[in-house]
Amino acid sequence: MELAAAIAIAGKALGAGLCMGIGAIGPAVGEGNAVGHALDGMARQPEAAGNLRTNMILGCAITETTGIYSLLIAFLILFTL
Amino acid sequence: MNVSVDGAFVYFIIPIFGGIPITQTTVSSFLVTLLLITASIRLGKNLQKRPTGIQVLVEKGVGMIYDLTTSAMGEHNAHWAPFMGTIFLSSICGSLIGLTGFLRSSTADLSCTLTWSIMVSVIIWYNNIKANGFVGWLKGFTEPVAVMTPMNLISEVAQPMSMAFRHFGNVAGGGVITTIIYTAFSMLSALVLNLISASGWAVGAVLLVVGALLLIFAVLKKKKLSLKILGAVSLLLGLFGLLQALGILSDVPILSFGIPAVLSCYFDIFSGFVQALVFTLLTMVYIAGSLPEPQENAQA
């Protein structure tokens with residue numbers, strides 16, 4: 001395999017790795033924060049746990065969006081570039 | 001790394017209007033629609049006063065959808081519940097249909113989720129225009145201050161895009177990750193089996209016997225589950241290694257039997273439900289935002 005193809009593959013692998021790695025930091029911090037505060041709420045008021053849980057899951061799914069964008073871009077880099 | 005990750009391939013093309021491709025997604029979504037129609041017709045027939053069996057479940061489900069709608073959109077918008085229930089059920093069935101093995105989940109294709117989110121946006125624009133007129137709708141973009149207009153326009157486009165990509169990304173991404181893990185485990189089992197069968201049938205036979213003895217010992221003596229699993233796995237490996245050495249049966253991906261299924265439970269089932277819930281709830285919130293407030297004086 002000539003050098004150019006090898007460099008292209010190395011670039012793709014590096015790009016996809018970086019894209020997913022950096023893209024995962026934001027949602028992780030955001031969701032950790034959201035779940036933490038939801039748990040505080042549940043601890044303070046256990047009878048509101050059901051309501052808090054659904055809103056927590058909803059919030060986590062929405063903050064996940066940017067992580068999913070970077071996942072999609074990583075797949076695009078890997079499989080279609 | 002021969003991971004084959006491909007989109008929905010085209011079955012055939014209907015030659016009218018310049019060729020309409022019938023893809024896996026079209027077939028799955030038609031099947032889901034058919035499934036939901038027949039289910040609702042059958043379950044909706046001869047409802048008794050005192051519900052029995054399946055009718056209890058159905059009533060509970062419909063009740064939950066109505067509660068979800070009224071809690072998100074207000075009492076006066078309860079009539080949106082059937083629409084929201086349709087989106088919710090077609091999204092869940094669309095994601096779960098991929099588990100049947102030969103069909104592809106309909107939501108794992110951008111054309112499906114983008115259609116839904118554009119449909120929702122069109123409903124929102126229609127309600128806005130109906131509520132405060134076409135000029136009122138255009139003027140709405142310049143709120144609260146004229147310089148915000150580009151931002152409002154971008155957010156008008158970004159909203160359907162983000163809803164479509166979130167749902168599509170989760171389902172399709174989950175599918176790709178499960179495929180990669182299946183391939184990894186089948187490579188692993190190919191490696192292990194080749195190792196066993198490379199040096200003739202002796203190793204396979206020994207492993208078979210040892211595994212069988214371990215399994216019987218663990219079962220009889222009621223030992224820990226991990227011992228039983230170890231016995232069973234070594235029994236299987238020995239058996240298939242022996243078969244491969246004798247040339248009867250080669251490269252059976254036995255290691256990719258149990259483990260990836262657990263993962264697909266998370267990716268396909270759990271995130272399918274969560275994404276359906278998120279998509280429906282966001283649709284409710286956006287549509288409720290575009291609907292006029294209830295006229296208190298009208299409802300005395």
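Visitor: What makes residues in the lining of the second largest pocket nonpolar, polar or charged?
Guide: The residue type decides. Ala, Val, Leu, Ile, Met, Phe, Trp, Tyr, Cys and Pro count as nonpolar; Asp, Glu, Lys and Arg count as charged; the others, Gly among them, are polar. By that rule, this lining divides into 17 nonpolar, 13 polar and 4 charged residues.

Visitor: What is this model, and how are its parts labelled?
Guide: The model is predicted, so local features need pLDDT of at least 70 and side-chain atom pairs pLDDT 80 or more, while totals for chains, interfaces and linings use all residues. Residues are numbered from 1 along each chain as its sequence is written, chains are lettered from A and ligands numbered from 1 in the order written, and side-chain values use heavy atoms, without hydrogens and water.

Visitor: What makes a space a pocket?
Guide: On a 1 Å grid over the protein atoms alone, a pocket is an open set of points with protein on both sides within 12 Å along at least five of seven lines; lining residues have an atom within 4 Å of a point. Of its 34 lining residues, B:Asp6, B:Arg104, B:Ala172, B:Gly175 and B:Val176 are the closest to its centre. H5(B) gives the most to this lining, with 10 residues.

Visitor: Why is the pair B:Phe165 and B:Phe168 called edge-to-face?
Guide: Rings of Phe, Tyr and Trp (its six-membered ring) pair if their centres lie within 6.5 Å; planes under 30 degrees apart are stacked, over 60 edge-to-face, and the rest tilted. The structure holds 10 aromatic pairs over all chains. In this one, the centres are 6.5 Å apart and the planes stand at 75 degrees, so the pair is edge-to-face.

Visitor: Is B:Phe168 buried or exposed?
Guide: Buried means under 20% relative accessible area, exposed over 50%, and partly exposed in between (1.4 Å probe, protein chains only). B:Phe168 has 15%, so it counts as buried. B:Phe165 has 22%, so it is partly exposed.

Visitor: Why is the pair B:Tyr266 and B:Phe267 edge-to-face?
Guide: The ring centres of B:Tyr266 and B:Phe267 lie 5.1 Å apart, and the planes meet at 65 degrees, so the pair is edge-to-face. B:Tyr266 is partly exposed, at 42%. B:Phe267 is buried, at 18%.

Visitor: How do you know that S1 and S2 of chain B pair?
Guide: Two strands pair if DSSP finds at least two bridges between them. S1(B) and S2(B) have 4 bridges, so they pair, in the antiparallel sense.

Note on methods. On a 1 Å grid over the protein atoms alone, a cavity is a set of points where a 1.4 Å probe fits but cannot get out, and a pocket is an open set with protein on both sides within 12 Å along at least five of seven lines; lining residues have an atom within 4 Å of a point. Helices (H or I, at least four residues) and strands (E, at least two) are DSSP runs, numbered from the N terminus.
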